Structures are given as C-alpha cells and as structure tokens.
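Colleague: I am new to reading models like this one. Could you take me through it in short questions and answers?

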Amino acid sequence: MQVFRGIPERSDHGCVLSIGNFDGVHRGHQALLAKLTAKSRATGLPSAVLTFEPHPREYFTHENRPIRLTSLREKILRIADQGVDRLYIGRFNARFAALTAEQFIEDILIRGLCARHLMIGDDFRFGKGRQGDFAMLEAAGQSVGFSVEAMHTLVHEGERVSSSAVRAALAEGDMPHAARLLGRPYSISGRVMHGDKIGRSIGFPTANIQLKHRSPPVMGIYTVSVEGLADKPWPGVASVGVRPTINDAGRPTLEVHLFDWTAECYGAHLKVNFLAKQRDEERYDTLDALTAQIARDANQARAYFAQNPL
C-alpha cells in the first residue's frame with residue numbers, strides 16, 4: 001500500500017475512494033474496505049482511503065476528545081491488511097476545518113483525489129459545520145461524473161459495530177466482547193524501551209513498551225499474548241497504568257512480563273494482544289506486597305493459557 005502524507009493539489013488518475021477516521025479498523029470498517037477493494041477490482045481503478053490526523057474530534061474538542069483505539073502507525077498497518085492500494089493522510093487543521101462542503105467536493109474529491117466512485121458510511125458528514133451529506137455528494141456526482149454509495153452500519157450478533165462500542169467494551173474490561181466487534185483481540189503495538197528495571201529486581205522482568213498516547217483505552221492488569229519475538233504468539237501478563245506503588249508519574253506505561261522468556265528484547269517492535277482483564281491497578285504499601293500480587297496475576301494468566309492454549 002502506498003501512503004501519502006497530505007492530499008495532492010491535482011490528480012489525473014481516478015480512484016475508488018472511501019473517507020473516514022477508521023479508528024480501530026473494526027468489523028464495520030473491514031466490511032466497508034472489502035466492498036471498496038471489490039469495486040476497485042471491478043472497475044480497474046485503484047482503491048484509496050482518505051483519513052485524518054489528528055482525529056477531527058480531537059481538533060474541535062480538546063477536553064472531551066475520544067480515546068484512540070489505534071495509533072496512526074497501527075491504523076496504517078490495519079488498513080494495509082485489507083488490501084487497499086493507497087492511503088492519504090489529510091492533516092486536519094484550521095485551514096481544512098474551514099473548507100465549505102462545496103470546497104471539499106471541488107478541492108479534495110474532484111481535483112485532489114480524482115474520485116470516480118465514492119463509498120462512505122451512512123453517517124458521513126463533511127465541510128464546515130458538517131453541512132455536507134450523502135444527498136449533496138450524490139447531486140455533485142451526477143453533475144461532474146462520479147458515483148456515490150453509502151454503506152449502512154454493520155450489525156454483528158445483534159449489535160451495531162462502532163468505534164464507540166469497542167471503547168465501551170474495553171472500558172468495561174470485556175475483552176471477548178471487544179474482540180467480537182474488532183474481529184480480533186484488541187492490541188497495542190510499540191517498541192521496547194529501557195525502564196527502571198524494578199521488575200527484574202523482584203523476579204518479574206518486564207518489557208516496557210512505548211505508549212503513543214497519554215490515555216490508552218485499557219487500564220489495569222491483563223492476560224496477554226505478544227507477537228514479534230518468536231514465530232508464534234508468546235504468553236504473558238501485562239500492566240497498563242501509572243504504577244502507583246513505584247512512582248505514580250501520571251503518564252501510563254505498558255509493561256509485559258513474558259513467561260519463561262530469557263533473551264533481551266530491547267528495541268523490538270511488539271504487538272500485545274489483550275485477551276482477558278484480571279483486575280484494576282492498585283497501590284500497595286510495600287514492594288513485597290506488590291511482588292506477591294504480581295505472582296498471583298502471573299498464576300492467573302498461566303491458568304488461562306492452560307485452558308486456552310495459544
């Protein structure tokens with residue numbers, strides 16, 4: 001997949017286009033992208049996706065911004081997995097936010113991306129004040145020569161699939177529910193960084209994985225599997241939180257204790273799959289009390305894998 005930072009001023013090569021935030025790339029997104037790539041094959045035009053950075057709601061509502069399910073890097077990889085040919089990352093700034101719906105159609109869809117067929121979710125709105133909708137796109141397409149198709153929200157096992165529903169499942173600690181909505185376990189990817197090595201001193205060495213955002217959608221202790229170290233997922237137990245017993249620095253960290261792993265993994269880029277939530281993060285009066293609880297967490301995770309082998 002080709003990835004472009006920004007939108008061209010002009011393109012003469014047509015495409016089949018979808019637009020959205022695609023946070024999480026859940027089952028609904030996957031169904032939309034499957035239709036996009038099928039249309040691409042049928043027309044002989046490349047499939048393209050336009051997404052935004054930052055998320056428009058992050059730009060407009062700094063205090064109530066949605067918690068991201070995926071970093072930009074993770075989103076790029078997930079969209080690439082769906083077989084899309086091109087990804088355009090539009091910078092959502094004051095200039096972009098000021099575009100009227102008519103300017104969006106003319107500058108972005110027609111001149112910038114040369115859309116020949118547009119495939120969008122049924123709730124898609126665009127332009128300053130969210131003035132643009134499906135009817136406006138359809139009318140514009142009839143006059144200048146592109147077609148528009150709306151895809152209704154996917155319902156899976158009786159539930160509307162959305163990024164908000166995934167966030168709610170994660171907030172409740174219902175990892176199987178989140179996995180059903182996503183079509184896979186929820187995961188966080190990042191590079192292993194050097195930490196303070198306290199885990200090693202108490203017999204539970206951890207891989208400290210860099211978090212891209214200050215507000216991850218999961219917090220607490222989890223049974224996890226880790227990809228990127230071996231030719232198969234590796235079992236472990238993970239903590240996502242501010243480490244109140246150690247230093248409570250305020251910024252969340254992701255630490256993973258890998259069962260029976262002895263090699264160094266600094267610098268490795270790992271994907272941590274969250275399989276089951278064990279408990280919320282707690283503060284302990286002593287390091288010994290914390291160590292005893294970590295041992296119980298590890299035993300609980302091992303019991304999970306005994307029942308659910310990787």
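Modeller: Start with a salt bridge, a side-chain nitrogen of Lys or Arg within 4 Å of a carboxyl oxygen of Asp or Glu. Arginine 279 and aspartate 297 form one, at 2.7 Å, N to O. This is a predicted model: local features need pLDDT of at least 70, side-chain atom pairs count only at pLDDT 80 or more, and totals for chains, interfaces and linings use all residues. Residues are numbered from 1 along each chain as its sequence is written, and side-chain values use heavy atoms, with hydrogens and water left out.

Colleague: How many residues apart in sequence are the parts tied together by arginine 279 and aspartate 297?

Modeller: Helices (H or I, at least four residues) and strands (E, at least two) are DSSP runs, numbered from the N terminus. Arginine 279 lies in strand 14, and aspartate 297 in helix 10 (residues 287-307). So the pair ties together parts whose separation in sequence is 18 residues.

Colleague: Are arginine 279 and aspartate 297 buried or exposed?

Modeller: Buried means under 20% relative accessible area, exposed over 50%, and partly exposed in between (1.4 Å probe, protein chains only). By that rule, arginine 279 and aspartate 297 are both buried.

Colleague: Which residues join Arg111 in one salt-bridge network?

Modeller: Side chains of opposite charge can pair when their charged atoms come close. Glutamate 106 and arginine 111 meet at 3.6 Å, N to O. Glutamate 106 has 37% relative accessibility, so it counts as partly exposed. Salt bridges that share partners link Arg111 into one network with Glu106 and Asp107.

Colleague: How many residues apart are glutamate 227 and lysine 271?

Modeller: Their side chains meet in a salt bridge of 3.6 Å, N to O. This pair links distant parts of the chain: glutamate 227 is in strand 11 (residues 220-227) and lysine 271 in strand 14 (residues 269-279). The gap is 44 residues.

Colleague: How many salt bridges does the structure hold?

Modeller: The pairs above are among them. The total is eleven.

Colleague: How far apart are the end C-alpha atoms of helix 1?

Modeller: Helix 1 has 17 residues, 27-43. The expected span is 1.5 Å times one less than the number of residues. That gives 24 Å, and the model agrees, because the end C-alpha atoms are separated by 24 Å.

Colleague: How many residues has the largest nonpolar core?

Modeller: A nonpolar core is a set of buried Ala, Val, Leu, Ile, Met, Phe, Trp, Tyr and Cys residues joined through side-chain atoms within 4.5 Å. Those with the most contacts inside the largest core are Tyr186, Val218, Leu254, Val256 and Phe274. Its residue count is 32.

Colleague: How many disulfides does the structure hold?

Modeller: A disulfide is a pair of cysteine sulfur atoms within 2.5 Å. The sulfur of cysteine 15 is 7.0 Å from the closest cysteine sulfur, in cysteine 114, so they are too far for a bond. For the structure, the count is zero.
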